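Dear colleague,

I am passing on a structure that will be new to you, and I would ask you to look through it before reading the notes that follow.

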Amino acid sequence: MEMEKSGKFSDYLFAKMGPPTSTELPPKTTECSDAPVELTGYRRWLSENLMLLVTLSGVLLGVVLGLSLRPLNLHGDSIMLISYPGELFMRVLKLMILPLVISSLIAGSASLNAKMNGKIALRTLVYFASTSFFNAALGIALVLLIHPGNPDLHNADDRSTDRRAVNLLDSLLDLGRNVFPDNLFQASIQQAHTVYLPKPSILHVFNETMNDTLASGSEAQRLSEDLTEEVVLVRDIQYRSGTNTLGIVFFCLVFGTFLGTIGQKGQVVVDFFAAIFEVIMKMVTCVMWLTPVGISSVIAGKILSVGDLGLVMSQLMWFIVTVAIGVFIYQFVVMQAVYFVVVRRNPFKFYAGLIQAMLTAFATASTAAALPITFRCMNEKLKVDPRITRFVLPIGCNINMDGTALYIAVASIFIAQMSGMVLGFGELLTVLLTSTAASMSSASVPSAALVLLLVVLTAIDAPVQDVTLLFAVDWFVDRIRTTNNMLGDCYTAAVVEELSRKELMALDAASVNYQDMPAGTPNGHGHGHHDGGLLEGQTELETSSKCVMTMTDSVVVDISAVMNNVNLQQEHCNRRV
């Protein structure tokens, strides 16, 4: 047995060495001039962080350009031309969102088995809900402690008299309608939402008839006023422009999960979507070289478009400070602590690897627009398992809104404080729950939180009209909270990867065992004395179908076998010790 093993080992060494060549001497090392020179010192650091420096230079250039051009009081056309390169940059980034989400989710979920997808999805959703709930609670604690709401800021002249009918039930039901779209192609360009329209009735028809027949006279005017008071609003489901990313994510998740269960027959489809993902990532690398121009244009145009920047900042300074403190506490304390406890690595090194994606999210104010760059940082720089990032990041881009939950909680109580309202424990609990639910139904587009804020204000019966006061600073606060949303997705992927490491290793081992199986033995077992032939009473068709079925279920079977072997080896080692 020992001689046989040594013979196999020597054969392996000779195979690795390759066939014997001629008697020519090997070339000298000095002649290998084509070998790449390894960079050291600051040159290596500059090469690794060049894209980060390019993104940071774009942000700083935009701030300096915007502040320096404000005293010139530029015309609206000039501001539009300054913002135009940034608009094109945003459009190119958003152009790649849909193929990136589709390809990453299908390829990612198909690379895992159905049971593994269920475990990862459950861990991801529980983590998302927990962090959103914590951020809402953190926002409530900070706004009660700092008390930024000043009743003197309340300006009755600026208040609109239009009270929008907003209901938390409608928001949650719209979330379900968008998760289950009735038309996949329509979901690419439209999303469902609830609107309130006047109920058509006989009174309205009679009103129009009276106005036509009695064009003048006090009787027609009196009848018209009476009938106007009878207007009743009813719900109506309509579609508005915008990609229904939630519906596409759900479909791709289910499609990829079932695609992974059909074995080799679906491998060509998996390879197709994996190739699409690689192509999109190469396109992202090219687009990133446009970052200095695009990001600086976006930031400079936004600074120039604000009316009285100093007055707005001075009036709402404490509101901005409250949101910023909450974001910084969550980013630098809570997220780092969770990462260190679960992953047992340096959290700030992980944070430093995400600065480029965070700056992009800050500049674009959109988690979805920063998704291509986030994928690039997670896969290439931080080396997180692509099977986890392809699964978690597209879902988190639409569901995980940690910064939005914090912002909604702070803004709703801020408006209540401005109006002189005293909120009890019941109202605060309502803000906590509705902020968490509303944030998870948020769309990953700029300023979506302002629409969701109306839901919370309606729930605590606060003045909805005062939301217009926050429009002046939302362009800045939106960028701060978007970094929280983006970083929350990345840290979730790292935590879920660590929690799923045992299953991922078993899946890798199962795939290795499957590749090492001898031909004609789908499950790795011999056929005894039949030597791979047909069993008694078995046809060739039955054998091939059994082989295909075994290949389809090989991953699941091998995972349990590998886990049993690992446990048996551990028990054996413990007994020996």
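Which residues of α13 are buried? In this model, which is a predicted one, they are Thr291, Gly294, Ile295, Ser296, Ser297, Val298, Ile299, Ala300, Gly301, Ile303 and Leu304. Since buried here stands for a relative accessible area under 20%, and 11 of the 15 residues of α13 fall in that class, the helix is largely enclosed by the rest of the structure. Helix α13 itself covers residues 291-305, and the distance from its first C-alpha to its last is 21 Å, close to the 21 Å expected at 1.5 Å a residue.

By residue class, the lining of the second largest cavity divides into 3 nonpolar, 2 polar and 1 charged.

Finally, on the cysteines, the count of disulfides comes to 0, where a pair of cysteine sulfur atoms would have to lie within 2.5 Å. Cys252 is buried, with a relative accessible area of 3%, and Cys397 also counts as buried, at 2% relative accessibility.

With kind regards

Technical notes. Residues are numbered from 1 along each chain as its sequence is written. This is a predicted model: local features need pLDDT of at least 70, side-chain atom pairs count only at pLDDT 80 or more; totals for chains, interfaces and linings use all residues. Side-chain values use heavy atoms; hydrogens and water are left out. Ala, Val, Leu, Ile, Met, Phe, Trp, Tyr, Cys and Pro count as nonpolar, Asp, Glu, Lys and Arg as charged, and the others, Gly among them, as polar. Buried means under 20% relative accessible area, exposed over 50%, partly exposed in between (1.4 Å probe, protein chains only). Helices (H or I, at least four residues) and strands (E, at least two) are DSSP runs, numbered from the N terminus. The expected span of a helix is 1.5 Å times one less than its number of residues.
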